[in-house]
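Let's take a friendly walk through a protein model together. Have the sequence and the 3D view open, and follow along.

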Amino acid sequence: MKLETLLRRREPDLALVIGNGINRHANAAATNSWDALLIGIARDCVPGVTTVPPGTALTEFYDVVELKSHGRTGAMQAEFCKSMSDWRPFPHHRRTMEWALRHRAPILTTNFDDVLSQAADCEFQFPRDPKFTAYYPWGCHFARHEIDDPCTDFGIWHINGMAKYKTSIRLGLSHYMGSVRRAGGWIHGRSDENLFRAKNRREWQGARTWMHLVFNKPLLFVGLALAENEVFLRWLLIERAKYFRTFPDRVRDAWYVYVHDPRDERQAGKHFFLESVGIRCIEAKSYADIYENVGWMHAAETLVLKGFTLIDGTGRTPAAGSAMVVTDGKISWVGPASALKVPTGAKTTDLAGKYVMPGLIDTHVHLGLTADGLTVDAANQTQANVESQLRAYARYGVTTVQTMGTEQDVVLKMRDAQRATGRPAEARIHAAGLGVVVEGGYGGLAGVTRKVSTPAQARAAVDREVARHVEIIKFWLDDELGTVPKMPPEISQAVIDQAHRDHLRVASHIFYLEDAQRVVDQGVDALSHSVRDRPATPALIAAMKRHGTWQMASTLAREEALFAYGTRAPFLSDPFFTQAVGPNALRQLSDPAYQAKVAAAPHLGELRGFLKMAQRNLKTLADAGIPYAMGTDAGGPARFPGHAEHVELALMVEAGLTPMQAIVAATGGGAKFLHDASVGTLERGKWADLVVLDANPVADIRNSRAIRAVYIAGLPVPSIKR
């Protein structure tokens, strides 16, 4: 097999193992081999040393020099790092990293320098592991966001240490043996968390380190000599082979790319070793054939979908017999299947009898507030939990969410990482940051939100969020049915004015008609809930038209969730619901004691009326021509990501909207509100974020639940089971 063929065929699941050859290529005059660097430093430490004597391995040589220098070489690791400090990436570095980023391929490197992370424009990610040590920073990596599972995304992991932690640099035999002892304890230790005793691949001590990649990914080695002195990596490859012998169902392929050197008498022995541990050797004609290989270059990724009925998110009549061409994740052509010209090399999927609509957009969610679906805690907002919820949204066909006012830095970093490629494997994020809450009032994230009591403090709160690059400002105006103080008019006006001064729009949480009228008159851009106490008045409608105010979200699903669990809800056994809910939450929701507690809550008798009023007002505003989108307030207690959006669609139709109106609100309308022209409708130039359905949602909105497949940027993502 040729390298180009391998890169094309195995691109979805490879991990690259990269050595110093990538630095030496096209830059050998400025980038020395490890041997030359070590000898140069050794000369300064031990006069008279000019070469590695025959019969002495390079790793042994380091230890000998350290002994002879009487401890002076304790600084050799620092000198090593200093000698690499001016190394910079070349075009072939960037090509290789771009390939890895496109395919979310992890990188393992034996190099100490940061050239690869420069080429990939990555940041250092510090692990949450309390066992971290600067001698073995094996959970650290370079990436565009923190990675919980090394196998799932692009990241650069340093096997033999990194320049950031000089004491981690592995140079001598004693260093490598230290690594063997540490790794051996994880692989074979007495703990039930050792690799060979683990019940599955995620239950061992190395699961969040680069070692996890060695045992769980197909590996492609490039630029490594893999000489006899690389004792640690060679030992790991032996352990990998033993692991696969023990668990044959877990075997992963591996390839070693080399250039034949007739002068190297050891090459045949090296190939014998590699093939014995399950690594196939691939010969390249030259080093240029490795690093300039066209396989690293970008080849258009083309998908053709055909034979479906298109519901494009614009409100146009559904078009039967449609087809679509998706190139590199974006729609390059859409039209009648009769006019389709299938590009050469395209992957074609026949969707005859199916319905294709844009991925849903929820303009009002909260990410990472709950871990169990029921209890809110700021500590729940971790990357792992947010990722889990974003994947849950995607499983239900929700491909974009706007999280409204409870976002710590982790969410904003994840948003930025998504936008670096435009092709996430989960729902896309828009974010409001931390909303503005009056002192003693309702709203925000307990323990995180800094509440305000003056207009000056409100303006400062807005400026803090502007500095965090949020996309909209939110504030809460609500007395929680008379139980807490409400934000005064001068503070809400300060929030609106300051945000507009900073060129950001403002959305307000409201409950009462009088408060909606107040903030609309003050210039608010959006209402993030329906008015729930009284019918919308002509004065409110006129003010909303005058100011261009959106009914951004009606959150009907939220209103229903407040009382739905006061009895045994009929949907508790519906697989469409149970796939959105963890087993603990499902047990609690099914518990009569929990249901009795909900039924005994204050104002329960009024809650159904609040929902009916919210529905009535949505219909009134829609009929009056007020722009509206779809938002659920999902992510709060008992409002489950993914499921809530389909409840919302059904309640919107129950309110009097047509199924097509509800669909447009949840697709093209949501994108229009977000000012995101890249999603929302299935038109040329947009990301191919779409849902394939078995039944027609325009005929019956509950058919939005008949999900057959979900695509984000042209790539299929896991969807709920039918």
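A cavity is a set of points where a 1.4 Å probe fits but cannot get out. Rolling a probe the size of a water molecule over the atoms shows where empty space is left. With that in mind, look at this model, which is predicted: how many cavities of 30 Å³ or more does the structure hold? There are 3 of them.

Let's visit the largest cavity, which has about 40 Å³ of space. Its lining includes Leu527, Gln551 and Leu618. Sorted by class, the lining has 6 nonpolar and 3 polar residues, and no charged ones. Helix H23, residues 604-623, gives the largest share of this lining, with 3 residues.

Leu527 stands opposite Gln551 in S20. Strand S19, residues 526-527, runs parallel to S20, and 2 bridges join them. Both strands belong to an open sheet of 4 strands in the order S17-S18-S19-S20, with parallel pairing. At its edges are S17 (472-476) and S20 (550-551), each of which pairs on one side only.

Now for the cysteines. A disulfide is a covalent bond between the sulfur atoms of two cysteines. How many disulfides does the count come to? The count is 0, taking a sulfur pair within 2.5 Å as the rule. For Cys140, the closest cysteine sulfur belongs to Cys122 and is 14 Å away, so that pair is too far apart for a bond. Cys151 is in no disulfide either, since its nearest cysteine sulfur, also in Cys122, is 17 Å away. Are these two cysteines buried or exposed? Cys140 is buried, at 1% relative accessibility, and Cys151 is buried too, at 15%.

Key. Residues are numbered from 1 along each chain as its sequence is written. This is a predicted model: local features need pLDDT of at least 70, side-chain atom pairs count only at pLDDT 80 or more; totals for chains, interfaces and linings use all residues. Side-chain values use heavy atoms; hydrogens and water are left out. Buried means under 20% relative accessible area, exposed over 50%, partly exposed in between (1.4 Å probe, protein chains only). Two strands pair if DSSP finds at least two bridges between them. On a 1 Å grid over the protein atoms alone, a cavity is a set of points where a 1.4 Å probe fits but cannot get out, and a pocket is an open set with protein on both sides within 12 Å along at least five of seven lines; lining residues have an atom within 4 Å of a point. Grid points are joined across faces, edges and corners, and a volume is the space filled by probe spheres set on the points. Ala, Val, Leu, Ile, Met, Phe, Trp, Tyr, Cys and Pro count as nonpolar, Asp, Glu, Lys and Arg as charged, and the others, Gly among them, as polar.
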